[in-house]
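Reader: I have a model open and would like to talk through its architecture. Could you take me through the main points?

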Amino acid sequence: MLLPPRCVGCECAGAWLCGRCIDSLPRIRAPLCARCGAPTAWPVARCLECSGRRLAFASARASVVYTGPTRAVVLAWKERALRRVAHLAAGLVVDELARPAADVITYIPPDGDRSLRRGHHPAFELARELASAWDLELHLTLARTRPVERQARLSPAERRRNVRGAFRAPERVPARVVLIDDVYTTGATVNAASTALRAGGARRIEVVTFARAVR
């Protein structure tokens, strides 16, 4: 009553994300790269962004472009601990993406000190919401092997080196897995995690994120 919700996009009162701001979030729709999900001029099997890279996941898909209004939503979710944004993000993912054919759903594990400072873990929150919406079993199938440097200030090549070998699968992994993260930037983190899942027994990994950087 004393602190009614305000839209994280335009700050109008009434909801954490108002209808106008939801409509303004740029959706990612076909044509796409079949592998990494980048928007393309026409459908392609591998785009310039992922061509020549060894990718451990079968496909990556996201619901919205990681740009101005989307960045405000992600910032509020991750840094201001507005956990209710996870439900809104999951709703947009379900609206835009078909349910993956998978056995379980998992997520990028928390990153120690940063998650403790935030007091929550957005990838887990999104995975929990999507597990319920898609009727999939939620598993924590990954663990971190070591701390990693923050990715934001690193180049794509540095990002890949930074997370190489940073994950492991402590137990046997089901054959078909949906891997969840909040934002796909270069794909370095989800690819390193997918490599660990494949080493643990997964045969097909589909990456799903709320947002995706588009270059």
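Reader: Let us begin with the sheet. Which residue in E6 is the bridge partner of Tyr-107?

Author: The partner of Tyr-107 is Ile-180 in E6; strands here are DSSP runs of E with at least two residues, helices are runs of H or I with at least four, and both are numbered from the N terminus. This is a predicted model, in which local features need pLDDT of at least 70 and side-chain atom pairs count only at pLDDT 80 or more, while totals for chains, interfaces and linings use all residues. Residues are numbered from 1 along each chain as its sequence is written, and side-chain values use heavy atoms, with hydrogens and water left out.

Reader: How many bridges join E2 to E6?

Author: Four, and the two strands run parallel. Two strands count as paired if DSSP finds at least two bridges between them.

Reader: And what is the strand order of the open sheet?

Author: The order of its five strands is E1-E7-E6-E2-E3, with parallel pairing. Strand E1 (59-65) and strand E3 (137-138) are the edges, each pairing on one side only.

Reader: Which strands does H2 lie across?

Author: H2 lies across E1, E6 and E7, at about 105° to E7. Such angles run from 0 to 180 degrees between N-to-C directions, with axes fitted to C-alpha atoms, for helices over the stretch in contact (heavy atoms within 4.5 Å).

Reader: What sort of aromatic pair do Trp-77 and Phe-210 form?

Author: Their pair is edge-to-face, 6.1 Å centre to centre with 75° between the planes. Rings of Phe, Tyr and Trp (its six-membered ring) pair if their centres lie within 6.5 Å; planes under 30 degrees apart count as stacked, over 60 as edge-to-face and the rest as tilted. Trp-77 lies in helix H2 and Phe-210 in strand E7, so the pair ties together parts that are 133 residues apart in sequence.

Reader: Changing topic: where is Ser-194, and why does Ser-194 count as buried?

Author: Ser-194 is in helix H7 (residues 188-199). Ser-194 counts as buried because its relative accessibility is 0%. Leaving aside neighbours within four places in sequence, Ser-194 is in contact with Ala-56, Phe-57, Leu-179, Ile-205 and Val-207.

How values were computed:
Buried < 20%, exposed > 50% of the residue type's maximum accessible area, 1.4 Å probe, protein only.
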